Amino acid sequence: MKAEEIRGLTPVELETKLSELKKDLFMLRMQHATSHLENPVRISVVRRDIARVKTIIREKQLKR
């Protein structure tokens with residue numbers, strides 16, 4: 001997900017997206033631990049998406 005797409009979301013949508021990404025990361029870690037993960041690179045992609053969402057949430061908080 002690109003930063004431009006994330007900036008277009010409302011604060012409520014950002015919080016929802018953040019919780020979804022955290023759930024995805026948890027599931028990916030569980031799959032990785034049980035050796036059922038097909039693409040381990042997906043973990044780092046989801047972590048970066050979480051960081052992007054958190055950064056944009058913080059930017060919006062500072063603009064208020």
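F26, M27 and M30 form a nonpolar patch on the surface of this predicted model. Together, the three residues hold about 330 Å² of accessible area. M30 belongs to helix α2, which covers residues 11–33. The relative accessible area of M30 is 44%.

The overall architecture is helical. The protein chain contains three helices and zero strands. Read from the N terminus, the order of elements is α-α-α. Helix α1 covers residues 3–7, and helix α3 covers residues 41–63. The C-alpha trace spans about 45 × 15 × 15 Å along its principal axes. The accessible surface of the chain comes to about 5000 Å². Carbon and sulfur atoms account for 54% of that surface. Of the 64 residues, 22% count as buried. Among contacts with a separation of 6 or more, 67% join residues 24 or more positions apart.

Confidence in the prediction was examined next. The mean pLDDT of the chain is 95, and 100% of the residues score at least 70. Helix α1 has the lowest confidence, with a mean of 92. Helix α2 has the highest, at 97.

The largest nonpolar core has 13 residues. Within this core, L14, V46, I50 and V53 touch the most other members. Helices α2 and α3 each supply at least two of the core residues. Helix α3 gives the most, with six residues. The contacts of L14 show one part of this packing in detail. With residues up to four places away in sequence left out, L14 touches I6, L9, V53, I56, I57 and K60.

M1 sits in the segment before α1. Its relative accessibility is 37%, so M1 counts as partly exposed. M1 and V53 are 52 residues apart in sequence. In space, their C-alpha atoms are 9.4 Å apart. Leaving out residues up to four places away in sequence, M1 touches I6, K17, D49 and R52.

Two salt bridges are present in the structure. One joins the side chains of E59 and R7, with an N to O distance of 3.4 Å. E59 lies in helix α3 and R7 in helix α1, so this pair ties together parts that are 52 residues apart in sequence. Both partners are partly exposed: the relative accessible area is 30% for E59 and 43% for R7.

The other salt bridge links R52 and D49. Their closest N and O atoms are 2.8 Å apart. Both residues lie in helix α3, three residues apart, or about one turn of the helix. R52 is partly exposed, at 33% relative accessibility. D49 has a relative accessible area of 9%. This value is under 20%, so D49 counts as buried. R52 and D49 are also among the residues touched by M1.

Conventions: Residues are numbered from 1 along each chain as its sequence is written. This is a predicted model: local features need pLDDT of at least 70, side-chain atom pairs count only at pLDDT 80 or more; totals for chains, interfaces and linings use all residues. Side-chain values use heavy atoms; hydrogens and water are left out. Patches are made of residues with over 30% relative accessible area and no salt bridge: like charges are joined within 9 Å, nonpolar side chains (Val, Leu, Ile, Met, Phe, Trp, Tyr) within 5 Å. Accessible areas come from the Shrake-Rupley method with a 1.4 Å probe; for residues, only the protein chains shown count as cover. A salt bridge is a side-chain nitrogen of Lys or Arg within 4 Å of a carboxyl oxygen of Asp or Glu. Helices (H or I, at least four residues) and strands (E, at least two) are DSSP runs, numbered from the N terminus. Buried means under 20% relative accessible area, exposed over 50%, partly exposed in between (1.4 Å probe, protein chains only). A nonpolar core is a set of buried Ala, Val, Leu, Ile, Met, Phe, Trp, Tyr and Cys residues joined through side-chain atoms within 4.5 Å. Contact means heavy atoms within 4.5 Å. pLDDT is the predictor's confidence in each residue, from 0 to 100.
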